[in-house]
Amino acid sequence: PGLSVYAASKGAVIAFGKSLAKELAPRGISVNTVAPGGVATRAFPPGSPGAAKRAERIPMGRLAAPEEVANTLLYFALDAPDYVTGEVLSVSGGPPA
């Protein structure tokens, strides 16, 4: 409750990425989206009550480190996933409970 605008904006980013992927694929440009789950930041520092509460819903039992999300972005920057486009990669520690 109270997060409808936030949820809508995330959905818009995903739809935008998929649309760009279709438009740019013929030019050899891939577009993918990374969808991070809970991340340990200044808003949710490790060991804080807020971080602990969020981590309870994550199957891996913890928030992601910012570097873990960054590593996922680096994967898409490599040449290896050159046939991957229009995808959404969840970096969430598993589906929420």
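A residue counts as buried under 20% relative accessible area, as exposed over 50%, and as partly exposed in between. With 31% relative accessibility, E68 therefore falls into the partly exposed group. That sets the scale for what follows, which looks at a predicted model.

Here is the overall layout. The protein chain holds three helices and two strands, and reading along the sequence gives the pattern α-β-α-α-β. Its C-alpha trace spans about 50 × 30 × 25 Å along the principal axes. The chain has 97 residues, and 22% of them count as buried.

Back to E68, which has a charged partner. Side chains of opposite charge can pair when their charged atoms come close. In this model, E68 forms a salt bridge with R62, and the closest N and O atoms are 2.8 Å apart. The cut-off for such a contact is 4 Å between a side-chain nitrogen of Lys or Arg and a carboxyl oxygen of Asp or Glu, so the pair R62 and E68 qualifies at 2.8 Å. Like E68, which sits at 31%, R62 is partly exposed, because its relative accessibility comes to 38%. The count for the structure stops at one salt bridge.

Another arginine, R54, turns up next to a ring. R54 lies over the face of F44, at 4.4 Å from the ring centre.

At 14% relative accessibility, S48 lands under the 20% limit and so counts as buried. Its side chain also has a backbone neighbour: a polar atom of the S48 side chain lies 3.2 Å from the backbone nitrogen of A51.

Key
Residues are numbered from 1 along each chain as its sequence is written. This is a predicted model: local features need pLDDT of at least 70, side-chain atom pairs count only at pLDDT 80 or more; totals for chains, interfaces and linings use all residues. Side-chain values use heavy atoms; hydrogens and water are left out. A charge sits over a ring if NZ of Lys or CZ of Arg is within 6 Å of the ring centre and within 35 degrees of the ring normal. Buried means under 20% relative accessible area, exposed over 50%, partly exposed in between (1.4 Å probe, protein chains only). A polar contact is a pair of N or O atoms within 3.5 Å; within protein, one must be able to donate a hydrogen and the other to accept it, and residues adjacent in sequence count only if both atoms are side-chain atoms. Helices (H or I, at least four residues) and strands (E, at least two) are DSSP runs, numbered from the N terminus.
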